Amino acid sequence: MPAITARLTLDERSELRSSRRMESASLYMAGLTLVFVAAGMVVSAVADLTQGGAAWRELLLAALATAVPGVVAWRTTRVPARLTPSGVFAAVTMSWIAMIAFGALPYVFDGALPRFDDALFESASGYTCTGSSVVQDIGALEPGIAFYRMLTQWVGGMGVIVLAVAVLPFLGVGGLDLVAAEAPGDTTDRLAPRVSETAKRLWIIYALLTVVIATALWIAGTSLFNAIGYSFAIAATGGFALSGTGTGVYDSVPVEVIFIVGMLLGGMNFTLHYRLLRGDPGSYWRSSEWRAYMGFALLASTTVVLVNVVDGMAVADALRDGPFNVVSLMTTTGVGNLRGGAIGDFVQWAPAAQFVLLAVMLVGGMTGSTSGGPKVLRIVMMGRVVRREVRRAQHPRAVIAVEHDASTVPESIVERIVGFCLLYFLLAVGGLLLVAPLGDVDIVTAVTGVVSSLGNVGPALGDAGPTSTYLVFSAPARMVLAFLMLAGRLELFALFLGLATPVRWLRRRL
Amino acid sequence: MRPRAADAGPDVPLDATDRRRASAPAVGFAWACLISSAGLVAATIADLFDGARSADGLGLCAVVAGAIGISLRRSVKLPTSATAQTALIAVATTWAALVAISTVVYVVTGGFESAYDALFESVAGYGTTAITTLRDPQVLSDGQLLWRALTQWFGGFLALVLVVSVLPFLGLGLPRPVRIHEPEGIQHLDSARLRRRHRRLAIGYAALTGVGLVLYVLGGMSAFDALAHALTTISTGGFTTTAGGFDAVDSPLLDWMAIGGMALGGSALALVIRGLRGAAEPLLSSIELRAYAIVLVGGSVVATWWTRPAGGITLDSAREAIFSVVSVVSTTGYWIVDWGQWPAGAQLLLLVLMGVGAMSGSPGGGFRLLRALALIDYVGRALKREINRQGVYLIRLGQRVLPDDVVDRMVGYQVVYLALLAAGAFALALGGATVMTSVSGAVSALSTVGPALGELAPGAPVDVLSVWDRLMLMVLIACGRLEMYPVLVAASVLPVRFVRRLARRG
């Protein structure tokens with residue numbers, strides 16, 4: 001495992017080798033993560049002060065309470081020289097759990113969400129970029145807390161990219177090998193010679209995207225505070241809003257267009273953005289996943305608009321709300337656009353239109369993006385597997401390969417993608433069997449709530465639509481949903497294997 | 001040994017002395033006529049006891065179908081071997097022929113509001129799905145009711161034959177030692193061994209139906225009702241003779257009998273029949289049987305607990321819960337309680353059980369427990385491989401290790417199943433059904449259960465759905481009943497062939 005060792009310990013290799021610190025990648029990484037989280041709280045405290053809020057003390061206190069254990073864990077441990085795959089998964093999982101747990105502190109300290117489990121849900125929803133909320137009145141939040149809430153998504157989105165592109169392709173988890181196979185030559189993991197350099201470049205693109213979105217929103221007429229806040233939600237495809245009606249408060253077509261474009265960009269593979277910056281805009285079109293992604297979005301938007309118009313919605317409203325909500329849910333952002341009355345409340349749309357929304361939630365964005373869901377590439381591959389099966393039924397002894405961009409996909413990768421999708425399905429069914437009896441909600445709400453949480457979308461159908469909060473679910477059901485969010489964000493495998501490691505460690509000790 | 005052609009098309013004379021044309025679909029059609037004719041004779045006789053309300057129509061259909069069947073059977077024969085594609089298409093066309101004949105019977109004898117309703121009833125019949133267009137089946141004569149039950153009985157047997165002896169040859173279906181005789185997947189359709197096996201299966205199937213008939217009579221049903229219900233119990237069909245589903249029977253004793261019958265119908269009937277003939281070992285050692293028992297008992301316990309009335313569990317509430325669980329797991333579709341009134345968790349449990357379905361060698365439908373077991377193993381292997389990329393992990397079912405190619409095909413089946421489910425649910429939603437109805441309706445139809453959730457809750461007449469939605473349900477039922485591949489292959493091959501033929505003529 002040379003690459004990961006280099007990434008984690010390059011700067012401090014000599015120091016760590018010589019020190020007598022405890023060897024634990026999990027504690028090291030979790031500690032480091034907590035320091036980042038604390039930094040985010042400090043930034044939020046500053047934002048609170050500039051806006052004349054009253055929550056900066058609580059934010060600083062939370063930062064302190066987060067930083068101290070973080071620094072202790074970070075500075076007293078070291079990463080082992082040889083890191084096994086299970087060690088990496090455990091480190092990632094522990095970091096995320098620590099991040100979510102400590103990330104809940106500001107809500108508790110401030111009193112915005114006095115119950116710890118509510119705060120935990122909000123924190124999980126933020127860091128996993130889901131965007132489902134249990135805050136009753138978003139407008140009543142202190143500006144610092146509101147800012148922190150938006151910021152968590154941005155941190156989570158960045159973390160995910162690091163995870164997906166810097167850590168996972170090296171291990172070969174998920175579909176990212178395919179991204180590499182897709183464009184021979186300038187591949188994902190060769191964005192830079194070193195993985196850490198790749199991750200750094202992706203961070204820069206991510207930050208640039210955020211700044212561009214924020215500027216555009218500001219020019220379009222939102223306040224600077226809101227522009228920054230929403231840019232976090234859009235670039236990270238998070239979905240928290242700064243008002244109960246989402247972008248509906250602006251009721252402005254330019255703002256909606258900026259949102260749509262921004263969400264689409266956030267849902268794209270960031271490698272493509274990198275190539276754009278390097279002067280190669282044609283890389284978008286050359287990516288078959290990109291074509292499928294835009295095709296899905298276009299097809300779903302058209303269907304929704306048509307169904308709604310046939311159902312009797314005004315054409316202007318259908319044209320504004322259809323694409324917005326399709327893109328919002330497909331990129332797993334989930335920001336609402338409630339422009340007064342029932343306009344924009346997709347729970348009241350025709351069933352077929354609602355079903356399209358459910359379907360796009362089950363697709364998600366592109367691999368290597370900040371979005372959740374199973375990802376377009378995997379869905380496309382599943383379609384190819386289906387086609388192969390029908391051909392195989394006709395010709396049982398034929399050897400038929402699954403192809404992608406005119407090259408053969410190795411069977412091991414096909415198996416991994418199929419395994420991922422089946423695990424996704426099993427997890428959804430399992431979550432459903434927990435949420436439905438615990439949840440105190442109707443079936444549609446339970447089903448779509450599980451799909452939405454696992455895909456890191458945010459709003460669901462039924463009672464948990466854009467006008468509502470996740471308070472419709474009972475407290476235990478919300479914890480299940482929070483777990484699903486984390487599972488979805490860590491692309492299932494990482495979380496399961498990450499959780500298996502400490503269990504095995506415990507079993508060995510006992 | 002007869003000479004064999006690699007792909008015996010309809011125009012290939014095989015034998016100088018044998019002038020019959022070799023065509024699998026034509027033989028399938030002839031069989032469909034003969035089977036229908038036999039069933040119609042029985043229905044006609046039953047109708048004579050009921051004042052002969054539609055005996056003339058049924059009798060006429062019996063004669064016509066019989067005549068066509070016999071004359072056709074004389075002029076065509078099975079090709080001695082066929083490619084997988086030909087075999088799958090023949091399965092689909094035979095099934096379609098059965099449905100078409102039954103539709104004609106309903107139209108000729110009347111009682112349905114439209115030919116479309118008659119078609120739907122026929123699809124539901126041969127699809128062993130308990131979903132009906134009739135608000136009150138009593139508008140039909142006894143002869144028609146018996147015919148209606150017989151379509152399900154035939155449908156169940158056909159599915160049994162399909163799963164037990166057709167699909168395994170093609171490398172589809174059950175994960176047993178896959179026997180593909182010829183390199184190109186050519187199978188011998190007309191072997192004596194196969195015919196013997198089918199005969200044994202038919203005798204066992206009929207005997208079990210007879211036992212059901214006797215038990216229902218002992219439980220207090222009239223002889224006719226007992227017959228009609230026995231036919232739809234063992235076949236996991238689920239049609240009843242009155243409005244109100246099995247609830248109209250209104251007898252706890254009969255409910256318990258039906259529970260036993262449904263559980264049997266959803267079990268590996270082929271293995272059960274072998275067991276009755278003395279070879280019990282394959283049945284008892286089946287890991288799927290254990291899983292089936294666990295699902296039935298576990299599901300019943302959980303459902304009983306979740307649906308307990310305010311005063312605590314009573315025998316009646318337990319019976320209702322157990323009945324519902326057994327009904328959906330075996331994919332029968334009888335109901336004695338409107339589970340649409342249950343709490344959300346219990347409804348979803350039913351939905352999941354519905355999707356999993358029955359055992360793989362049964363007339364029941366669904367995803368099948370065996371595949372579900374293998375699925376869990378497969379996902380576990382995918383996880384393990386992330387830790388150890390070089391690791392070799394085997395998928396086991398009980399003591400047996402599944403070869404990789406079999407695992408591959410099973411997983412492929414699962415993916416196709418899920419894709420079809422998603423597409424079907426979407427198609428239903430396009431026709432105006434609510435999200436709940438679309439999803440549960442697709443699950444239920446693909447598993448050949450019948451009643452679902454939402455608008456399709458037990459007791460709801462199917463005309464709550466639009467014409468388009470009913471068409472989609474029919475497609476899903478056909479896919480579910482024929483293990484998907486025959487329908488998918490026929491749908492992908494036949495239109496192309498048709499267009500080519502038109503082009504050649506034009």
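This is a predicted model: local features need pLDDT of at least 70, side-chain atom pairs count only at pLDDT 80 or more; totals for chains, interfaces and linings use all residues.
Start with the interface itself. On the chain B side, 55 residues are in contact with 47 residues of chain A. Putting the two chains together buries about 4300 Å², and carbon and sulfur atoms give 76% of that area. Within chain B, the residues that lose the most area to chain A are Glu386(B), Ile387(B) and Val435(B), which together make up 15% of what that side buries.

Polar links turn up here too. Four salt bridges are counted between chain B and chain A, and Glu415(A) and Arg381(B) meet through their side chains in a salt bridge, at 3.4 Å from N to O. Five residue pairs are in polar contact between the two chains. As for which parts of chain B do the touching, helix 3 (84–109), helix 13 (344–356), helix 14 (369–387), helix 15, helix 16 (435–446) and helix 18 (485–505) each supply at least two residues. Helix 15 of chain B gives the most, with 15 residues. Sorted by class, this side of chain B has 38 nonpolar, ten polar and seven charged residues.

Then there is the nonpolar core. The largest one has 289 residues, and the members that touch the most others include Leu217(A), Phe259(A) and Val418(A) from chain A, along with Trp147(B), Tyr216(B), Phe246(B) and Leu473(B) from chain B. Helix 15 (residues 404–430) of chain B provides the largest share of this core, 15 residues. Leaving aside its close neighbours in sequence (up to four places away), Val418(A) touches Met382(A) and Val385(A) in chain A, plus Tyr378(B), Val411(B) and Val415(B) in chain B. A second, separate core has six residues, among them Ala26(B), Val76(B), Leu78(B) and Ala90(B).

How values were computed. Residues are numbered from 1 along each chain as its sequence is written. Chains are lettered from A and ligands numbered from 1 in the order in which they are written. Side-chain values use heavy atoms; hydrogens and water are left out. A nonpolar core is a set of buried Ala, Val, Leu, Ile, Met, Phe, Trp, Tyr and Cys residues joined through side-chain atoms within 4.5 Å. Buried means under 20% relative accessible area, exposed over 50%, partly exposed in between (1.4 Å probe, protein chains only). Helices (H or I, at least four residues) and strands (E, at least two) are DSSP runs, numbered from the N terminus. Contact means heavy atoms within 4.5 Å. Buried area is the accessible area (1.4 Å probe) that two parts lose on being put together, summed over both. A polar contact is a pair of N or O atoms within 3.5 Å; within protein, one must be able to donate a hydrogen and the other to accept it, and residues adjacent in sequence count only if both atoms are side-chain atoms. Ala, Val, Leu, Ile, Met, Phe, Trp, Tyr, Cys and Pro count as nonpolar, Asp, Glu, Lys and Arg as charged, and the others, Gly among them, as polar.
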